[in-house]
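Dear colleague,

Please find below the structure that I am handing over to you, together with its sequence.

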Amino acid sequence: MEMKRKLRVGILGATGMVGQRFISLLENHPWYEVVTVAASPRSAGKTYEEAVGGRWKMTTAMPEAVKNLVVMNVNEVEKVAADVDFVFSAVDMSKDEIKAIEEAYARTETPVVSNNSAHRWTPDVPMVVPEINPEHFQVIEFQKKRLGTEKGFIAVKPNCSIQSYAPVLTAWKEFEPYEVVATTYQAISGAGKTFKDWPEMVENIIPYIGGEEEKSEQEPLKLWGRIQDGVIVKAQEPVITCQCIRVPVLNGHTAAVFVKFRKKPTKEQLIEKLRSFSGLPQEMDLPSAPKQFIQYLEEDNRPQVREDVDFENGMGISVGRLRKDTVYDYKFVGLSHNTVRGAAGGAVLCAELLTAQGYIRAK
């Protein structure tokens, strides 16, 4: 896709961990240029470098291009929206505040691609993993009618916890998985923290992550749902039950998953489906799309966070240990990068597909 000029992007909540990840992923992006950073009133008026201070959490250096951008007040919606073609949202506020502010941006005719959970269950807001349910973007037309906009809308990506197993189950759809048990072992960056910020996580496991189990059980059903009467109706199956555990890992969510199928596949068939699974991002060769969406690793001790979390620059999913089970049909272990594919990277890929399909364009 040829761009006459790069689209101008704003990042809402630019100083937090996901905001920082957006900034590092968008450095040198072929289609997008970060021109505006917005955050809470206490950061407003400072340069981005001053506002972040010692809280830069990425392993790569802060891009030079953003250091001197003056942080705007995210609540001054008209002002922030004035100079951008679209925004990524990673704001840290209450659910109701996020809902209101994202809608306010959309009403200024600014598309909002959100990493937040606030709008995931708004019936006419598409929640998309581009390889799984790109057709859900069609619901945007109905959403724009409701908002009274021509270009403005909200699109979201799902929770980071489901990325290590929802794509796998999607690849296996024809074998009709109907019951799933998943336990996710989730990295601390999912809480926006590093070990320095969260010393009590060192050598520790915490068996509770607020709201996460409900998201992990329900959000895949919206991905597999369909558009009906201008809203997305979630699928009924497979039924998923989940436990979510915080583990002392910086990046990478691992899932241990058990599956029952109506049709009985062989192990070879299941592995073949994983390796050959791809979608629109691969077909269209989008800038952030992994060439190989899901890799299957034969070794007994893989996937491992240390070895595999950065597969395909953190945009791919790694699966291993697929074997027959005595209670369920099969079990496997999945791994995904929670702040790349699971957060900012997944949102960037959504934006790329929305751009390629003409939903996001220059103002």
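A cavity, as the term is used here, is a set of grid points where a 1.4 Å probe fits but cannot get out, and its volume is the space filled by probe spheres set on those points. Please note that the model is a predicted one.

**Cavity.** Searching the whole structure gave one cavity of 30 Å³ or more. The largest cavity holds about 40 Å³ of space. Its lining is made up of Val128, Val129, Pro130, Lys157, Pro158, Gln163, Arg341 and Gly346. Sorted by class, these lining residues comprise four nonpolar, two polar and two charged ones.

**Cysteines.** The number of disulfides in the structure is zero. The closest cysteine sulfur to that of Cys244 is, in turn, the one in Cys242. Both residues are buried: the relative accessible area is 5% for Cys242 and 0% for Cys244.

**Thr108.** This residue is located in the loop that runs between helix H5 (95-107) and strand E5 (112-114). Thr108 counts as buried because its relative accessible area is 17%, which is under the 20% cut-off. Apart from neighbours within four places in sequence, Thr108 has contacts with Val77, Glu78, Ala81 and Lys363.

With kind regards

How values were computed. Residues numbered from 1 in each chain as written. Predicted model: local features only at pLDDT ≥ 70, side-chain atom pairs only at ≥ 80, totals over all residues. Heavy atoms only, no water. 1 Å grid on protein atoms, 1.4 Å probe; cavity = no way out; pocket = protein on both sides within 12 Å on 5 of 7 lines; lining within 4 Å. Nonpolar A, V, L, I, M, F, W, Y, C, P; charged D, E, K, R; others polar. Disulfide = S-S within 2.5 Å. Buried < 20%, exposed > 50% of the residue type's maximum accessible area, 1.4 Å probe, protein only. Helix = DSSP H or I, 4+ residues; strand = E, 2+ residues; numbered from the N terminus. Contact = heavy atoms within 4.5 Å.
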